[in-house]
Amino acid sequence: MIRAYQSLQYNWFPVGQQRKVPMYGRHEGAKLFGVLNYETGYVLYRDGER
């Protein structure tokens with residue numbers, strides 16, 4: 001599962017001067033499944049909604 005959203009971990013603001021930080025995007029994601037054949041280097045993958 002690959003998530004596409006931003007989150008703030010740590011921030012520093014002077015006391016009493018906390019600012020709002022604009023965030024873009026949604027809590028969307030993509031599902032991706034893949035396998036690799038080590039001997040041939042062949043890669044097979046599939047993506048989907050669920």
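In which sense do E2 and E3 pair, and over how many bridges? The two strands pair in the antiparallel sense over six bridges, where pairing requires that DSSP finds at least two bridges between two strands. The model is predicted: local features need pLDDT of at least 70, side-chain atom pairs count only at pLDDT 80 or more, and totals for chains, interfaces and linings use all residues. Residues are numbered from 1 along each chain as its sequence is written, and side-chain values use heavy atoms, with hydrogens and water left out.

The protein has three strands and zero helices, in the order β-β-β from the N terminus. Strands (E, at least two residues) and helices (H or I, at least four) are DSSP runs numbered from the N terminus. Of the 50 residues, 0% count as buried; buried means under 20% relative accessible area, exposed over 50%, and partly exposed in between, with a 1.4 Å probe and protein chains only. Among contacts (heavy atoms within 4.5 Å) between residues at least 6 apart in sequence, 26% join residues at least 24 apart.

Thr 40 is placed in the loop between strand E2 (28-36) and strand E3 (43-48). With a relative accessible area of 59%, Thr 40 is exposed. The side chain of Thr 40 reaches the backbone nitrogen of Tyr 42 at 3.2 Å.

Strand E3 lies largely in the open, because zero of its six residues are buried. Val 43 is located in E3 and counts as exposed at 51% relative accessibility. Val 43 also belongs to a nonpolar surface patch of about 720 Å², made together with Ile 2, Leu 32, Leu 36, Tyr 38 and Tyr 45. The elements giving two or more residues to this patch are E2 and E3. Patch residues have over 30% relative accessible area and no salt bridge, and nonpolar side chains (Val, Leu, Ile, Met, Phe, Trp, Tyr) are joined within 5 Å, like charges within 9 Å. A salt bridge is a side-chain nitrogen of Lys or Arg within 4 Å of a carboxyl oxygen of Asp or Glu.

Key. A polar contact is a pair of N or O atoms within 3.5 Å; within protein, one must be able to donate a hydrogen and the other to accept it, and residues adjacent in sequence count only if both atoms are side-chain atoms. Accessible areas come from the Shrake-Rupley method with a 1.4 Å probe; for residues, only the protein chains shown count as cover.
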